[in-house]
Amino acid sequence: HTLHYGMASQTWSSILTDLGLIEQTRTPVRVRVHIYDLGENVSVLNGVGRVFGTGAFHAGVEVYGREWSFCPRPCGPSGTGVFSCFPKRNPAYVYRETLDMGWTSLSRNEVSVLVDNLAQEWHCMRYDLFRQNCCHFANEMCKRLGFDDLPSWVTSLAGAGATLDEAVGKGSLKNLVVGVGETGGGMVESTITTLVSPIALVSSACVLAVDSVFDLAMCCTTSNTRKGAY
């Protein structure tokens, strides 16, 4: 039998690396978090909100040429809410800005395992508008890649909604805004634009309804799911 030299070299190199006899060479890769507005009208609100350290955003984590995020619809046979798309190309949102997180030394295979683990933990049915949305997912993925938490303004609006939800009765506010959101993204976006009032927390919670609507829309229009990304 003839064994190609390149294959033999690669095989022995892998074996020696696994045995710890040679040091594995790692090339760090850059990690970015892409921030989106939930719609054109929401972009105006977010422009104002960013001044005060808040806003209604979608977030996705880019590593090894894919952007990962989380939504409330199944993105595979297991029912995971984890999906991927090309960086800065999510069709359901309006791209705003990019956060440069730095470099990770995790290999492509290690990131693949990390994503698989997240996919098992972040089932679509666990999506929560205030406590476990796409921005929370991005924050968790970044931490597992070895970075600090995302800036507070990325998730501050959801935190305000969660606080208000607890005050009025757990789940009550969420059910209210999701119910409104199901009437259609366009109407909600228009309604939200007129809800800027002195009652900041109420306005914030209502704006978050758009997040749910657009996450649902994204899941229906994005074909790049977790399977086969690597």
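Tutor: Ground rules come before the questions. This is a predicted model, in which local features need pLDDT of at least 70, side-chain atom pairs count only at pLDDT 80 or more, and totals for chains, interfaces and linings use all residues. Residues are numbered from 1 along each chain as its sequence is written, and side-chain values use heavy atoms, with hydrogens and water left out.

Student: How many salt bridges are there?
Tutor: The rule asks for a side-chain nitrogen of Lys or Arg within 4 Å of a carboxyl oxygen of Asp or Glu. By this rule the count is nine.

Student: Which residue forms a salt bridge with Arg50?
Tutor: Arg50 sits in the loop between helix 2 (40-49) and strand 2 (57-63). Helices (H or I, at least four residues) and strands (E, at least two) are DSSP runs, numbered from the N terminus. With N to O at 3.3 Å, the partner is Glu97.

Student: Which helices does the salt bridge of Glu121 and Arg144 tie together?
Tutor: The closest N and O atoms of Glu121 and Arg144 are 2.5 Å apart. The two residues are 23 residues apart in sequence, so the pair ties together helix 3 (residues 108-121) and helix 4 (residues 134-144).

Student: Is Arg144 buried, partly exposed or exposed?
Tutor: Buried means under 20% relative accessible area, exposed over 50%, and partly exposed in between (1.4 Å probe, protein chains only). Arg144 has a relative accessible area of 32%, so Arg144 is partly exposed.

Student: Which residues make up the salt-bridge network that includes Asp149?
Tutor: Asp149 forms a salt bridge with Lys143, with the closest N and O atoms 3.8 Å apart. Shared partners join such bridges into one network: Glu121, Glu140, Lys143, Arg144 and Asp149.

Student: How many residues of strand 3 are buried?
Tutor: Strand 3 spans residues 66-70. Arg66, Trp68 and Phe70 point one way, Glu67 and Ser69 the other way, and all are buried.

Student: Which residue of strand 4 is the bridge partner of Trp68?
Tutor: Strand 3 and strand 4 (residues 82-85) run antiparallel and are joined by four bridges. Two strands pair if DSSP finds at least two bridges between them. The partner of Trp68 is Ser84.

Student: Which residues is Met141 in contact with, leaving aside its neighbours within four places in sequence?
Tutor: Contact means heavy atoms within 4.5 Å. For Met141, the residues are Val61, Val63, Trp68, Leu114, Val115 and Leu118.

Student: Is Phe52 buried or exposed?
Tutor: Phe52 lies in the loop between helix 2 and strand 2. With Val48 and Val51, Phe52 makes a nonpolar surface patch of about 360 Å² (Shrake-Rupley areas). Patch residues have over 30% relative accessible area and no salt bridge; like charges are joined within 9 Å, nonpolar side chains (Val, Leu, Ile, Met, Phe, Trp, Tyr) within 5 Å. At 67% relative accessibility, Phe52 is exposed.

Conventions. Accessible areas come from the Shrake-Rupley method with a 1.4 Å probe; for residues, only the protein chains shown count as cover.
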